[in-house]
Amino acid sequence: MDAATLAQRLIGQRLVRLLDDGTRLAGTIVETEAYLGVKDKAAHTFGGRRTPRNESMYAIGGTAYVYFTYGMHFCMNVVAGQAGDPVAVLLRALEPVEGLDAIRALRTPHHRPRKTPLKDKDLCSGPGRLCEALAIGRDLNGEDLTTSPRMWIEPGTTYAPRQLVKTTRIGISGAEEWVDRPLRWYVNGNTHVSVKAKP
DNA sequence: ATGACGATTTACT
DNA sequence: GTAAATCGTCATA
């Protein structure tokens, strides 16, 4: 499937994470971005670049591509294409629905004390935040979401196409003519979305 | 071996 | 709004 189609279909579905201790965490996907592979200047695989880091983008659709960035955050993608076609969808925000207490704890590590308690809308509103919230790290890179006992996708809330906002992607200022391509989708009015488009 | 740079988040002014 | 935090990765040498 192409990444733009998958990005829209993932909105409303539920990302589920089962921790080793049996805790079940989950959130409804409310914001996604499509990365179109070798032709997309914003994608890690632009021009066919293939390295140990982005290797799982070349895997079959349904694989997780988890990478580390800015020296401190993870981001998670769902690979969209056939094996060898490195297109994927970045998950940018979830509306947390299961395991809120555990999620809050994961988002408040002891080495990073908080001045004020986190509001619900700040728990999973960003690609780095949602990975921290669901304990998604290196060990889940390359995970097959269609068979994994640790992380998978379930049906969730159904949103009509007209409830989705289609706009530009975030954090890709160096991508030249791809900067303005509308390849980000989010649920209109949902408070857990990371960055809203200008009205 | 080295250096520049992130598909970001947080706190502070 | 601005800036700091923080380090794995990759291209260059």
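Reader: Is E143 buried or exposed?

Author: Relative accessible area decides this: buried is under 20%, exposed is over 50%, and partly exposed lies in between, with a 1.4 Å probe and protein chains only. E143 has a relative accessible area of 14%, so E143 is buried. This is a predicted model, in which local features need pLDDT of at least 70 and side-chain atom pairs count only at pLDDT 80 or more, while totals for chains, interfaces and linings use all residues; side-chain values use heavy atoms, without hydrogens and water. Residues are numbered from 1 along each chain as its sequence is written, and chains are lettered from A and ligands numbered from 1 in the order in which they are written.

Reader: Which side chain meets that of E143 in a salt bridge?

Author: Side chains of opposite charge can pair when their charged atoms come close. The term salt bridge requires a side-chain nitrogen of Lys or Arg within 4 Å of a carboxyl oxygen of Asp or Glu. E143 meets R150 in this way, at 3.2 Å from N to O. R150 is partly exposed at 22%. Elsewhere, R14, R24, E98 and E154 are joined into one network by salt bridges that share partners.

Reader: How many salt bridges are found in the whole structure?

Author: The search gives 17. One of them pairs R24 with E98, whose closest N and O atoms are 2.6 Å apart. Helices (H or I, at least four residues) and strands (E, at least two) are DSSP runs numbered from the N terminus. R24 is partly exposed, at 31%.

Reader: Which residue pairs with D120?

Author: The partner is R104, with 2.5 Å between N and O. D120 sits in the loop between α2 (100-106) and α3 (127-133), and R104 in helix α2, 16 residues apart. Both are partly exposed, D120 at 41% and R104 at 27%.

Reader: What surrounds E33?

Author: E33 is in strand β2 and is buried, with 0% relative accessible area. Contact means heavy atoms within 4.5 Å. Beyond its neighbours within four places in sequence, E33 is in contact with residues including A7, V89, R92, R169 and L183. A polar contact is a pair of N or O atoms within 3.5 Å; within protein, one must be able to donate a hydrogen and the other to accept it, and residues adjacent in sequence count only if both atoms are side-chain atoms. The side chains of E33 and Y35 make one at 2.7 Å. A polar atom of the E33 side chain also lies 2.8 Å from the backbone nitrogen of I170.

Reader: How many disulfides are there?

Author: A disulfide is a pair of cysteine sulfur atoms within 2.5 Å. The search finds 0. For C75, the nearest cysteine sulfur is that of C131, 6.1 Å away. C75 is buried at 7%, and C131 is buried at 1%.

Reader: Which residues surround DNA strand C?

Author: A residue is near a strand if one of its heavy atoms lies within 4 Å of it. Those around DNA strand C include R49, R53, Y70 and R138. Of the atoms of DNA strand C within 4 Å of the protein, 73% belong to sugar or phosphate.
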